[in-house]
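Here is a friendly briefing to read alongside your model. Please keep the sequence and the 3D view open as you go.

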Amino acid sequence: MDELRLLRHFEAVYRLSSFSAAAAELRLTHSAVTKSIKTLEANWGTRLFHRTTRSVVSTEAGKKLYPQAVELLARVADVRNSVTADGSELTILCGSGAIEAFIHPAILKFSRSYPHTKINVASLEAHLAAEELWQRRAQILIYHETSFAMMPHRETMHVVRVIDEPYCIIHRSGAPVASQSGSLKDLLLNYDWVLAVSRSFEAFLPEKLRHLVEGKGAPRYRLMSQTACIELVKQSNLLSALPESIARRLVSSGELEAIPLPDDFRFTIGAAVREDSAREPALEHFVACMQASQTD
């Protein structure tokens, strides 16, 4: 077990390229982390880092060790979770829209079969989330399907589609768009929009639409909160786009009105787990709960 502790210290130093940063993350002193690396190097008879007063650079041995250390530490965590009674924990990373609209029904369904499992859900940029999955610090990723194609370590993932539905445009009752119709180009050119998207969302759009959006400078407002976008639409003439199921609930409550988004753009969400974890019952069940929540 002592070598596992040393490997945890090595992994942190390698990933952060700093003894000081690793010590802060591990809540240890700089000298304690330094001693751990020296002990590991002595035990294994090889140098893992070239160290100067200004930099920490991995040796070839360190580069070979790092991915295997990540895998070993992750497997230890998996084994611990699988054998600890009532102690399993599930970490899910996703986009902000999924948290606000689709995660909670799945959690309620999942909890009926796994009432003692702890669930942590956080929003993270897609490429950072992929790294967390690869290092087994997260077990499930839930993102727009186009995001997965651009993620690192994509070849290690098993991706399943869990949400597939058209978009709707939402607007307040009496907004100018309510009495007009037109193409998506007309709507983009003539109205201001607020969307729950990142600054780089254009990269995921079809080429024709991407050029149109970039030329218009749309959307005018980008908020990483679907709830905040909806509130702005309620109080202004701004337009927003939401998956049909969410738009339908807002319309039925009388809060907003909705029209179909032209050109049949679809909201497609995938759930990814590591390929070597795809048959784990708890992960399979959560993904199934995500799929079932769309039909309720």
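Is the crossing of H1 and H2 left-handed or right-handed? The crossing of these two helices is right-handed; a crossing is left-handed if the near helix is turned anticlockwise from the far one by less than a right angle, and right-handed if clockwise.

This is a predicted model, in which local features need pLDDT of at least 70, side-chain atom pairs count only at pLDDT 80 or more, and totals for chains, interfaces and linings use all residues. Residues are numbered from 1 along each chain as its sequence is written, and side-chain values use heavy atoms, with hydrogens and water left out.

**Overall picture**

- The protein has 13 helices and 11 strands, where helices (H or I, at least four residues) and strands (E, at least two) are DSSP runs numbered from the N terminus.
- Of its 296 residues, 42% count as buried; buried means under 20% relative accessible area, exposed over 50%, and partly exposed in between (1.4 Å probe, protein chains only).
- Among contacts (heavy atoms within 4.5 Å) between residues at least 6 apart in sequence, 73% join residues at least 24 apart.

**The H1 and H2 pair**

- Helix H1 (residues 2-16) packs with helix H2 (residues 19-26) at an angle of about 130°, and their axes are 8 Å apart. That makes H1 oblique to H2.
- Axes here are lines fitted to C-alpha atoms, for helices over the stretch in contact, with angles running from 0 to 180 degrees between N-to-C directions. Angles under 35 degrees count as roughly parallel, over 145 as roughly antiparallel, 65 to 115 as roughly perpendicular, and the rest as oblique.
- On the H1 side, His9, Ala12, Val13, Arg15 and Leu16 meet Phe19, Ala21, Ala22, Glu25 and Leu26 of H2. By class, this contact of H1 with H2 has 7 nonpolar, 1 polar and 2 charged residues (Ala, Val, Leu, Ile, Met, Phe, Trp, Tyr, Cys and Pro count as nonpolar, Asp, Glu, Lys and Arg as charged, and the others, Gly among them, as polar).

- Strand E3 is largely enclosed by the rest of the structure, because 5 of its 6 residues are buried.
- E3 (residues 89-94) runs parallel to E5, joined by 3 bridges; two strands pair if DSSP finds at least two bridges between them.
- E3 also pairs with strand E4 (residues 118-123), in the parallel sense over 6 bridges.
- Leu93 has a bridge partner in each of these neighbours: Ala122 in E4 and Leu141 in E5. Cys94 has Ile142 as its bridge partner in E5.
- Strand E5 (residues 140-144) is mostly covered, with 4 of its 5 residues buried.
- E5 and strand E11 (residues 266-274) run antiparallel and are joined by 4 bridges. His144 has Ile269 as its bridge partner in E11.

**Loop residues to look at**

- Most residues other than glycine have a negative phi, and most peptide bonds are trans.
- Arg27 has a positive phi near 60°. Arg27 lies in the loop between H2 and helix H3 (30-44) and counts as exposed because its relative accessibility is 78%.
- His153 also has a positive phi, near 65°, and sits in the loop between helix H8 (145-149) and strand E6 (157-171).
- Arg154 is found in the loop between H8 and E6 and is partly exposed, with a relative accessible area of 32%.
- Not counting residues up to four places away in sequence, Arg154 touches Phe148 and Val159.
- The C-alpha atoms of Arg154 and Arg274 are separated by 9.3 Å, although these residues are 120 residues apart along the chain.
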